[in-house]
Amino acid sequence: MTEAVAYVGGISWRGRSALPGFGLALGFTVFYLSLLVLVPLAALVIRPWSLGVSGVLAVVTQPRVLHSLGLSFGASAIAALVNTVFGLIVAWVLVRYNFPLKRLVDALVDLPFALPTAVAGIALSALYSENGWLGAPLLNVLGMRVAYTPLGVVVALIFIGLPFVVRTLQPVLADIGREAEEAAATLGATRLQAFRRVVFPLLAPALLTGAALAFARAVGEYGSVIFIAGNLPMRSEIAPLMIIIKLEQFDYAGAAAIGLVMLAISFAILLALNGVQAWAQARR
C-alpha cells in the first residue's frame, strides 16, 4: 500500500492510499505522455530556431505560407461552425426520433472515421468535379465551382468533422431526456423556449467540445483535402501541404517553423474554447 499525506488543521499526517501502486502508475503515465507528446512537441519548438529569429520570420511570412495558414484556419473555423449547427440537428434526430433505417443513418455518421482519408478525398473530388454528380448541377445551375477551390476545402473539412460533433452530443442528449422539456411545457413554455432556456444550456459544454474537436481535426487534415483542393498556389494550398513541400525540399527547419505557427495558433484557439466551456459549465 502506498502512503498518502493529508493536511488537517495545518498538521500533516501520513496514511495509506486506498489505491495501491499510485506512484508507479503516475510515473508510468508521466513517462508515457512525455515520450509520445512532450518530446515531439519540444523538438518541434526547438528545431526552427536553428534558422535564427530572422530565418523563422522569413519562412512564416512568405506570401504562400501566410495564405495557406489563413486558408487552413479559416476553412477549419467555417467547417467547425457548420458542423456545430448541423451536428446538433443530426444528433437531435438520432436521439429523439424513431424512423425507418435509423440504425443505417447512425452508422453512416461514423463513415468518415472508418474511411481512409485519401479515399474520402478521391470520392469528394469525383463527386464535386465539373462533371460530377453534384459538381455539374452546382456549376450549371448556380455557377458554383466546388472542386479545386477553397470551397472544396471547406466541404472536405465538413465531411471529416461532422462525426466529432454528433458523437459528442448524442450521450448528453440521451442523458437529458425529455423530463425537463415536459416540465417546462407544464409551466407554459413553448418548444422553442424550452430548448433555448432548458436544453441548450445543458448542451452548451458538449457542443463546444464537439466544435473544438472538429476544428482541431480539420486544421491538420491532409489526405481528404489534398485531392479536392487542387493545390493551386495562393488559392487552394493548405498549410499541411506547405509543410510537405518544405520536407520534400529537405528544409526541415522551415517545415518545423510552419508547424510551430500552427501549433501556437491551435493552442491559443483551443485554450480560448476551453475557457468558454469552463465559463458555460460554471454558469450552468
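**Exercise 1.** Determine which residues S129 touches, not counting residues up to four places away in sequence, in this predicted model.

*Solution.* Begin with the position: S129 lies in the loop between α6 and α7 (135–142), where helices (H or I, at least four residues) and strands (E, at least two) are DSSP runs, numbered from the N terminus. Next, list the partners in contact (heavy atoms within 4.5 Å), which for S129 are G135, A136 and A147 once residues up to four places away in sequence are set aside. Finally, consider accessibility: with a relative accessible area of 11%, S129 is buried, given that buried means under 20% relative accessible area, exposed over 50%, and partly exposed in between (1.4 Å probe, protein chains only).

Residues are numbered from 1 along each chain as its sequence is written, and side-chain values use heavy atoms, with hydrogens and water left out. Because the model is predicted, local features need pLDDT of at least 70 and side-chain atom pairs count only at pLDDT 80 or more, while totals for chains, interfaces and linings use all residues.

**Exercise 2.** Describe the largest nonpolar core and the surroundings of L157.

*Solution.* A nonpolar core is a set of buried Ala, Val, Leu, Ile, Met, Phe, Trp, Tyr and Cys residues joined through side-chain atoms within 4.5 Å. The largest one has 20 residues, and those with the most contacts inside it are A75, Y128, V153, L157, V225, I228 and I238. Two or more residues come from each of α3, α6 (117–128), α8 (150–176) and α11 (223–229), with α8 giving the most, namely six residues. Leaving aside neighbours within four places in sequence, L157 is in contact with A75, S76, A79, N83, A218, E221 and V225.

**Exercise 3.** Examine the backbone and accessibility of L101 and N231.

*Solution.* Most residues other than glycine have a negative phi. L101, although not a glycine, has a positive phi of about 65 degrees; L101 is found in the loop between α3 and α4 (102–109) and counts as exposed at 60% relative accessibility. N231, also not a glycine, has a positive phi of about 55 degrees; N231 sits in the loop between α11 and α12 (239–248) and is partly exposed, with a relative accessible area of 27%.
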